[in-house]
Amino acid sequence: MDADLRTDGDDEIELRGSPIIAALKASGIEYVLSVPDIVTSRGLLRPIARDPAFKLIRVCKEDECIGIASGLSYCNKRALTLIQHTGFLDSINAIRGVAVEYAQPICMMIGLLQHDPRTTPRNSPRYGVRIVEPILDAMGIPHHLINEEPDIAKVRPAIDDAYANSHPVAFLVGRRPSMS
Amino acid sequence: MMKRDECFRVLKRHVTDEVVVATYSSAVEWLALGERTLNYFSVGAMGLDSSHALGLALGRPDKRIICLQGDGSLLMNLGCLVTIAAVAPKNLVHLVVQNSTYEANGGHPIPNTKTDFAGMARAAGYAQVHDFSELANFEQQAGHLLKQEGPVFATLHVAPSGPLTYDYPKLYDATRRAAIKAVMSS
């Protein structure tokens, strides 16, 4: 079955959204910059929108997030860019220039649209998903797959490192986080 | 018609502790008026200067942020008008220099040289919108404009400049970025 046709009931593994959100809070994320992404819509973006601990900035196009996060980082404010992998691909030049060449702590959480979580992104039958990790590797951007609950432990150290050493980082969300 | 450097000289007389965000031709002509720590030359991707400015405005609501953006640059990030108007930072002044050309890329015209950027900003929901074609009018209004509750938008209609020298390594020098970051993060 195509991943985009799977329902939450088809997925035998639950990735809960609340521990991801807790990890973002523990990482000091204050601003969430987002264009909606169907993978993270229900389990992350909706609860974040209701959570007074976050300041949610809804933008029109994903590359705006890169500029806004850069400006915030100059003021010691931590931000998460929450987007779909199609938006990541659309923002490559901004990420290249702002995040990589000028070494800015741009933290991205990227939903892998139409990814089947039973495979790895590199082995996805979906071309758009298959190229994401190789692109991140080519750009020298550290990345972490968030596919199962133990993966969430990667979030805080990776964000802390991005800000401590001023470099971008990407979290690839491989399955739809649940609302619990 | 006004010239960009004339407009910037007027602006310079009113700028004290504001952060000035600029890129490409605007950055070159603003820097020609003097070094200052609070210049933020946005880097890496054309069009994002206004988004960098929004981030700075959110991060430091106690400081005024002035964005000097070219019309070609704004065209590459038109959605920022809607985003900025929705967030509505009171401390952001967004000045768009309309010379109707992609000046840094050979002086070719923008797709529609009659684009009404002020009209777009007004429709997006900016709190204050201005349109300047006469230097005397801009001189009269500049001080007031910089103090208005934002987001403030103004189009400066200018003639294309003569050839500029783009010293990008100097504009985007890492020490310059470190210096403003030290101030903004304190």
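The model is predicted. In it, 23 residues of chain A are in contact with 24 residues of chain B. Chain A also holds an open sheet of six strands.

**Where the chains meet**

- On the side of chain A that touches chain B, α3 (62–74) and α5 (92–101) of chain A each supply at least two residues.
- The largest share of that side comes from α3(A), with 10 residues.
- By class, the side of chain A that touches chain B has 12 nonpolar, six polar and five charged residues.

**The helix pair α3(A) and α5(A)**

- The axes of α3(A) and α5(A) are 9 Å apart, and the two helices pack at an angle of about 10°.
- Angles under 35 degrees count as roughly parallel, and α3(A) and α5(A) are therefore roughly parallel to each other.
- From α3(A), the contact is made by D63(A), I66(A), G67(A) and S70(A).
- From α5(A), A94(A), I95(A), V98(A) and A99(A) take part.
- These contact residues divide into five nonpolar, two polar and one charged.

**The sheet of chain A**

- The strand order is β2-β1-β3-β4-β6-β5, and the pairing is parallel.
- β2 (55–58) and β5 (143–146) of chain A stand at the edges.
- Each edge strand has a single partner strand, so one side of each is left without a neighbour in the sheet.
- Neighbouring strands are turned by 20° against each other on average, direction ignored.
- Within the sheet, β1 (residues 29–34) and β3 (residues 78–84) of chain A pair in the parallel sense over five bridges.
- I29(A) has R78(A) as its bridge partner in β3(A).

**The nonpolar core**

- In soluble globular proteins, nonpolar side chains tend to be buried together.
- Here the largest nonpolar core has 101 residues.
- L33(A), I110(A), V21(B) and L56(B) touch the most other members of this core.
- α3(A) gives the most to this core, with six residues.

**Two residues of chain B**

- V21(B) is one of the core residues that touch the most other members.
- Leaving aside neighbours within four places in sequence, the contacts of V21(B) include L56(B), I65(B), I66(B), C67(B) and L68(B).
- Y40(B), S42(B), D49(B), H52(B) and A53(B) are also in contact with V21(B).
- E35(B) is found in the loop between α2 (24–31) and β3 (39–41) of chain B.
- E35(B) has 8 other C-beta atoms within 10 Å, so E35(B) is exposed; the cut-off for exposed is 12 or fewer.
- E35(B) and K12(B) are 23 residues apart in sequence, and 12 Å apart in space, C-alpha to C-alpha.

Note on methods
Residues are numbered from 1 along each chain as its sequence is written. Chains are lettered from A and ligands numbered from 1 in the order in which they are written. This is a predicted model: local features need pLDDT of at least 70, side-chain atom pairs count only at pLDDT 80 or more; totals for chains, interfaces and linings use all residues. Two residues are in contact if their C-beta atoms, placed from the backbone, lie within 7 Å. Helices (H or I, at least four residues) and strands (E, at least two) are DSSP runs, numbered from the N terminus. Ala, Val, Leu, Ile, Met, Phe, Trp, Tyr, Cys and Pro count as nonpolar, Asp, Glu, Lys and Arg as charged, and the others, Gly among them, as polar. A nonpolar core is a set of buried Ala, Val, Leu, Ile, Met, Phe, Trp, Tyr and Cys residues joined through C-beta atoms within 7 Å. A residue is buried if 20 or more other C-beta atoms lie within 10 Å of its own, exposed if 12 or fewer, and partly exposed in between; C-beta atoms are placed from the backbone. Two strands pair if DSSP finds at least two bridges between them. Axes are lines fitted to C-alpha atoms, for helices over the stretch in contact, and angles run from 0 to 180 degrees between N-to-C directions. Angles under 35 degrees count as roughly parallel, over 145 as roughly antiparallel, 65 to 115 as roughly perpendicular and the rest as oblique.
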